[in-house]
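Here is a short report on a protein structure. Look through the sequence and the model first, then read on.

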Amino acid sequence: MELTRYVSIGQYLPRDSVVHRLDPRTKIGVTTLLMVVIFVIADFTGYGLLAASLVGLFLLAQIPLGYAARGLRPILFLLLLTFVLNLFFSGLREGTPLVRLGPLVITSEALSRAAFISLRLVLLVVATSLFTYTTSPMALTDGMERLLRPFRRIGVPGHELAMMMSIALRFIPTLLEETERIMKAQMARGAEFQRGNLLRRARAMLPILVPLFVSAFRRADELALAMEARAYRGGEGRTRMKELAFAARDAVAWIVSVFATAVLLASRWLGLP
Amino acid sequence: MNRQDLRRLVEIGFAVALVAVLSNIRVYKLPQGGSITAGSLVPIFYIALRWGGKAGLLAGVLAGAVNYILEPFFVHPVQVLLDYPVAFGLLGVAGFFQRSPVIGIIVGGLARFLAHFVSGVVFFAAYAPEGTSPAIYSAVYNGSYMLPEVLISIVLTLLVVRAMERIRPVQPA
């Protein structure tokens with residue numbers, strides 16, 4: 001069993017693009033606005049425009065469009081299910097019946113609704129995958145810490161959360177390697193992982209889990225000691241080597257997306273064209 | 001931040017990393033998606049039983065976030081919150097039952113199942129036409145992998161906790 005090939009964490013694709021260089025807070029904000037927009041838009045023209053801007057953003061981020069399609073793979077089954085359910089059971093009897101399969105009728109209305117709902121799902125997945133492709137887990141953690149800072153007063157430990165997250169992300173590759181080493185060692189001693197019923201397979205994990213836990217928490221003790229020796233005292237008054245700072249590109253991204261969302265909301269609820 | 005707090009912080013970080021590592025080892029794959037992992041929930045329960053419910057909740061929420069970073073599955077904003085930070089966070093509830101770990105793990109597992117269940121209903125409410133019955137489908141689908149996963153977690157957590165207590169007897173105050 002090879003585990004180390006998963007070492008590249010998550011879906012981040014490092015590139016040197018404007019989108020990658022955006023402040024993580026900007027990207028979180030813009031992605032949130034995109035989600036609002038996706039649920040507000042109610043016609044195909046709107047989704048067409050949105051799809052075109054997403055394609056533009058992928059090009060700008062230097063992420064090949066194939067990756068947008070790849071992000072859809074895990075939801076393929078859901079997508080199909082959604083389409084079929086809406087096609088046959090939406091109760092939309094109006095419109096011209098197109099096909100008749102026994103008791104099932106496909107009307108033109110139902111077809112357009114099924115296509116619309118499926119498109120919504122696709123756009124949502126593609127929009128969020130653009131975020132994960134262009135934001136490294138560390139940048140995401142930094143952004144999270146800053147965004148949680150105002151909630152400190154009501155007891156949300158933003159700095160601590162970010163620190164734990166950084167420790168986890170830093171040690172995932174190390175512990176993956178460790179797991180692989182332990183598994184090989186136990187296999188050399190005759191351990192079997194892939195045989196027997198569920199309970200037997202689960203119990204077979206014990207000779208892996210215990211050494212792994214021992215080694216992981218020994219490392220934890222060492223790290224805690226090292227941090228203490230360097231006088232780590234939590235987030236209060238801590239300085240950082242790289243401060244997050246908004247740049248001109250962030251301003252542009254905010255203005256464009258807030259403006260586009262506002263125009264859309266206005267046209268939807270004030271009845272503007 | 002005193003020594004005890006720092007230790008808890010670092011241990012939670014490592015537990016979250018362990019969850020990510022262990023969920024890469026799939027013991028059993030279910031035909032309809034969803035899989036049973038090699039006790040990937042054990043680190044959360046270990047932290048919860050060692051440091052209490054609050055630490056368990058923190059470990060769970062972060063494990064959910066890391067899980068999302070590793071394998072994002074995003075079909076609805078509410079679904080993401082429920083399926084990742086909330087579902088995993090609720091596992092930490094086990095820490096409020098430090099005296100009876102088995103009950104704690106069952107309650108935590110049940111709470112996580114409820115989060116996935118509601119998220120399934122939300123998904124259907126958003127994407128399926130009215131008149132379909134999402135509750136049963138969501139219960140069957142989520143129950144199919146949660147039930148064995150929780151059973152495995154009970155067995156493995158008890159064994160691991162017992163082994164760890166022998167090797168690492170220092171109990172937090």
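Helices here are DSSP runs of H or I with at least four residues, strands are runs of E with at least two, and both are numbered from the N terminus. Q186(A) counts as buried because its relative accessibility is 15%. Buried means under 20% relative accessible area, exposed means over 50%, and partly exposed lies in between (1.4 Å probe, protein chains only). Not counting residues up to four places away in sequence, Q186(A) touches A191(A), F193(A), P207(A) and P211(A). Contact means heavy atoms within 4.5 Å.

## How the model is read

This is a predicted model, where local features need pLDDT of at least 70, side-chain atom pairs count only at pLDDT 80 or more, and totals for chains, interfaces and linings use all residues. Residues are numbered from 1 along each chain as its sequence is written, chains are lettered from A and ligands numbered from 1 in the order in which they are written, and side-chain values use heavy atoms, with hydrogens and water left out.

A salt bridge is a side-chain nitrogen of Lys or Arg within 4 Å of a carboxyl oxygen of Asp or Glu. By this rule there are 13 salt bridges over all chains. R181(A) forms one with E178(A), with the closest N and O atoms 3.3 Å apart. Both residues lie in helix α8 of chain A, 3 residues apart, about one turn of the helix. R181(A) is exposed at 51% relative accessibility, whereas E178(A) is buried at 13%.

E178(A) also meets R219(A) in a salt bridge (3.0 Å, N to O). E178(A) lies in helix α8 and R219(A) in helix α10 (residues 206-229) of chain A, so the pair ties together parts that are 41 residues apart in sequence. R219(A) is partly exposed, at 27% relative accessibility.

## Bridges between the chains

Across the interface of chain B and chain A, the rule finds 2 salt bridges. R3(B) and E228(A) meet in a salt bridge at 2.8 Å, N to O. D221(A) and R7(B) meet in a salt bridge at 3.3 Å, N to O. This pair crosses from helix α10 of chain A to helix α1 of chain B. Both ends are partly exposed: D221(A) at 27% relative accessibility, and R7(B) at 22%. D221(A), R7(B), E11(B) and R50(B) are linked in a network of salt bridges.

## The interface

How many residues does each chain bring to the contact? Chain B gives 59 and chain A gives 65. The area buried between them is about 5600 Å², and carbon and sulfur atoms give 84% of this. In chain B, F14(B), I69(B) and Y127(B) lose the most area to chain A, together 13% of what that side buries. Buried area is the accessible area (1.4 Å probe) that two parts lose on being put together, summed over both.

## The nonpolar cores

A nonpolar core is a set of buried Ala, Val, Leu, Ile, Met, Phe, Trp, Tyr and Cys residues joined through side-chain atoms within 4.5 Å. The largest has 78 residues, and F213(A), F217(A) and V10(B) have the most contacts inside it. Leaving aside neighbours within four places in sequence, F217(A) is in contact with residues of chain B including E11(B), L18(B) and M164(B).
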